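Good morning, everyone, and thank you for coming. Please look at the sequence and the structure on the screen while I talk about salt bridges.

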Amino acid sequence: MPPCYGIIPARFASSRFPGKPLAEILGKPMFRHVYERAASCPELVRVILATDDERIAQVARDEGVPVVMTSPEHPSGTDRVLEAARLLELPEDSVVINIQGDEPALRPALLTLLLAPFARIDVQVATLARPLHQDTAHLPDVVKVVLDSQGKALYFSRAPIPFHRNGKGSAFLGHVGLYAFRLPMLRRFVELGPGRLEQIEKLEQLRFLEAGIPIHVVLTEHCTHGVDRPEDIAAVEDILRQEESDE
């Protein structure tokens with residue numbers, strides 16, 4: 001396996017939840033939960049927080065979390081991850097995971113699963129998907145994916161795909177928003193710029209598919225539990241408490 005790194009993009013200026021990375025969850029800032037869980041993945045050589053805000057950076061230093069300062073002008077977290085990789089001078093053969101900073105209940109095993117395909121030299125980009133109940137397939141915030149026979153993504157959409165013509169189908173896959181890239185392909189992603197379908201669906205992973213770059217999709221039974229709004233914190237705290245009681 002090539003050397004693998006985790007980078008957690010964390011920005012302060014979220015429209016729905018300003019200052020989200022610093023939100024307290026069971027006595028710790030949210031990013032600290034994400035960092036600790038990612039750092040426990042044995043395949044990762046190093047995990048680093050990438051932010052554009054000195055308030056987040058200072059708390060990270062106080063918490064002992066490695067952090068790099070990046071530009072506030074990035075249009076996406078993936079662009080921020082690339083700048084962090086450059087600042088850290090990661091080896092050219094690295095695999096980099098873009099770890100969402102609002103996933104305090106992240107399962108380290110998902111990172112291990114995501115990295116497994118990179119034992120094959122032909123895999124350049126990988127992500128995860130899980131079985132999705134048809135009752136949630138119509139929700140636009142739940143991204144769906146369809147695969148070819150080799151486990152590569154054919155398309156991602158906010159629409160319920162595939163469309164079941166007879167109305168009886170239930171074979172939906174929901175995208176799990178973790179990505180891993182070989183470093184040259186991460187650089188290529190940023191160089192390509194937004195594609196037409198990406199801008200229509202507001203799904204940046206479509207940039208690869210529009211450019212003819214395959215995305216390997218690993219199936220899992222587990223979902224992630226992100227924090228999009230302040231009211232999501234209580235549910236995540238319940239999950240974390242349950243995990244502690246099960247240990």
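This is a predicted model: local features need pLDDT of at least 70, side-chain atom pairs count only at pLDDT 80 or more; totals for chains, interfaces and linings use all residues.

**Salt bridges in this model**

Let me begin with Lys-20 and Asp-102, whose side chains meet in a salt bridge at 3.0 Å, N to O. This pair links distant parts of the chain, 82 residues apart, with Lys-20 in the loop between β1 (4-10) and β2 (24-25) and Asp-102 in the loop between β6 (95-98) and α4 (108-115). Both Lys-20 and Asp-102 are buried, and buried means under 20% relative accessible area, with exposed over 50% and partly exposed in between (1.4 Å probe, protein chains only).

Residues are numbered from 1 along each chain as its sequence is written, and side-chain values use heavy atoms, with hydrogens and water left out.

By a salt bridge I mean a side-chain nitrogen of Lys or Arg within 4 Å of a carboxyl oxygen of Asp or Glu, and a search of the whole structure finds 13 of them. Helices (H or I, at least four residues) and strands (E, at least two) are DSSP runs, numbered from the N terminus.

Next comes Asp-52, which forms a salt bridge with Arg-80, the closest N and O atoms lying 3.7 Å apart. Asp-52 is in the loop between β4 (44-51) and α2 (54-63) and Arg-80 is in helix α3 (residues 77-87), so this pair ties together parts that are 28 residues apart in sequence. Arg-80 counts as buried, because its relative accessibility is 3%.
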